[in-house]
Number of protein chains: 2
Amino acid sequence: MKIVFTSGLDATHSDGWRQALHAALPEAQWLNPEDARSQGGHADAAVVANPPPGSLAGLHGLRLIQGLWAGVDRLLADPTLPTDVPLARMVDPAMSDAMAETALWAVLSLHRGFFVYAQRQAKQQWRAHLQRRADEVQVLILGTGSMGQAVFDRLAPLGYRLHSWRRSDGPHALALAQAQAHITINLLPLTPATEALLNAPFFNALPKGASLVNLARGAHVVDTDLLAALNSGHLRHAVLDVFHEEPLSTAHPYWRHPQVTVLPHMAAQTDPRSAAVLVAANLRALRDGLPLQYLVDRARGY
Amino acid sequence: MKIVFTSGLDATHSDGWRQALHAALPEAQWLNPEDARSQGGHADAAVVANPPPGSLAGLHGLRLIQGLWAGVDRLLADPTLPTDVPLARMVDPAMSDAMAETALWAVLSLHRGFFVYAQRQAKQQWRAHLQRRADEVQVLILGTGSMGQAVFDRLAPLGYRLHSWRRSDGPHALALAQAQAHITINLLPLTPATEALLNAPFFNALPKGASLVNLARGAHVVDTDLLAALNSGHLRHAVLDVFHEEPLSTAHPYWRHPQVTVLPHMAAQTDPRSAAVLVAANLRALRDGLPLQYLVDRARGY
């Protein structure tokens, strides 16, 4: 079986993936796109991590494109991606764990005021605020996929009041949950239906002093609306791991905003050690004609 | 039943406690020390929160001194505290929950590098480090009381490798656990046997790059040794909630040290709403001649 691996990652991360994939599926012939093209262009499958647009041009025989991330919005936005080849995304339990850790850290930070204490430390200011119990904090989790579920399962034992919402629950259910939500965590897939969902009307429907944690995609947020809601004092804080353009431009106001925590898209990395095993299992299923896992519904976008 | 309430807290916190205690035990006659003394000095019990030294002078008939915090080291250090009156501390599940939240936040912050990301944000630096799984992080919890147990129970489901230690486990068990400990969380009671335990030999026994989370008492730490271990690069980071003198002097090097997170003794506040109910139950037990809860062994110091 010939498999093309193509990545837009830096050399260290690319090599880490290449080694993990080779180790997990040693019987395959692993190629980069150039070598496959020079050998006539045939490949059975492609494994892709942030592939440069056009990476798969000139290849034929592909029966699976396996992404290494949970989100496939960037892959689907590449007009050169073959539309007649099944596309799979990665649903790695280690990635869900990592996402749940980041969400839990953000909720604890907001609930107990650790961002405020960091600002007080910078001013050598010794002052504790009154402590709220976890069951006094309402958390709205947008998205009920593997990520949303993992976050729910991590937060529930601490006593937080949790509401989950997915798009099929409709706008009325969202409005009810929003009115109570001290903290909103976004874990939705990015699709035309969810793009720019986090806009001024969304923020206005949250109670005064609410906070946003965006761990999904930058394009879910209307940046000018978020900045306005923070600056007006309606929103207290935003924790942002994802942005319209990444890396985030050094000139972007988020970097220096005292109510914004900027993370460099690190909330949940796919872990090559566990994910390569899942990729290998899917590729063996392809070879053996068995059902494939994690296939993307291109119409839904995830 | 006459009960004296005395507090060195600010007016807001004092009033909050007074109201919660009155509501929880309305049948008692609640007095401040001055009023008790002016009525002849008799009181059945005293409820104390950071009492100014000598607060209980001139009172007689006391059968219980009920502290509102988990630690009683400051009460025991007051030479005017009557030594022949049973002393109880507070073991409030809401306080254990709060402590576990703070410990979990600190462990997640250290494990996933959120203190580093905050420093990178200040420099508009977009760079993610490699992600470790929770089961690659060894956490040593010093103290196996209600706090240590609550922290253990919160960390375990996330997959961290946990070791607990109490003084009776002895120095050999400590040395074994230290050699592996990426993160040490101190939750020991402060006694003559644990004072200054966190000193240069302790830090040297940790692996390079280890971190310390001190949520117990400032006097557990030898500050000059901790600063030396941080400055040499042997220790990576310290999260400190407690200090030899509180408030921490604005001139103290901890405030401005890039590897130190200073918290204003907020890790776990006793919650008047739940604790007042427990205090009332203990005072009713005193009235009815039933066994008292949370009594301190003055020889052990906790």
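Over the ring of which residue does the charged end of B:R300 sit? That ring belongs to B:Y302, and the distance to its centre is 4.3 Å. Here a charge counts as sitting over a ring if NZ of Lys or CZ of Arg is within 6 Å of the ring centre and within 35 degrees of the ring normal. Chain A has a pair of this kind too: the charged end of A:R300 lies over the ring of A:Y302, 4.2 Å from its centre.

A word on the model itself. It is predicted, so local features need pLDDT of at least 70 and side-chain atom pairs count only at pLDDT 80 or more, while totals for chains, interfaces and linings use all residues. Residues are numbered from 1 along each chain as its sequence is written, chains are lettered from A and ligands numbered from 1 in the order in which they are written, and side-chain values use heavy atoms, with hydrogens and water left out.

Now to where the chains meet. With contact taken as heavy atoms within 4.5 Å, 51 residues of chain A touch 51 residues of chain B. Together the two chains bury about 4400 Å², 58% of it on carbon and sulfur atoms; buried area is the accessible area (1.4 Å probe) that two parts lose on being put together, summed over both. Of the area that chain A buries against chain B, A:Q121, A:Q124 and A:W126 supply 19%, more than any other three residues.

The rule finds 4 salt bridges across this interface, a salt bridge being a side-chain nitrogen of Lys or Arg within 4 Å of a carboxyl oxygen of Asp or Glu. B:E101 forms a salt bridge with A:R112, and their closest N and O atoms are 3.0 Å apart. On the side of chain A that touches chain B, the largest share, 10 residues, comes from α4(A) (helices, H or I, of at least four residues and strands, E, of at least two are DSSP runs numbered from the N terminus).

A cluster is linked by ring pairs among A:W105, A:F115, B:F114 and B:Y117, where rings of Phe, Tyr and Trp (its six-membered ring) pair if their centres lie within 6.5 Å. The whole structure holds 14 aromatic pairs over all chains.

Most residues other than glycine have a negative phi, and most peptide bonds are trans. The bond from A:E246 to A:P247 is cis, with omega near -5 degrees, and A:P247 is found in the loop between β10 (235-240) and α10 of chain A. In chain B, a cis peptide bond joins B:E246 and B:P247. A:Y294, not a glycine, has a positive phi of about 65 degrees.

Note on methods: Phe/Tyr/Trp six-rings, centres within 6.5 Å; stacked < 30°, edge-to-face > 60°.
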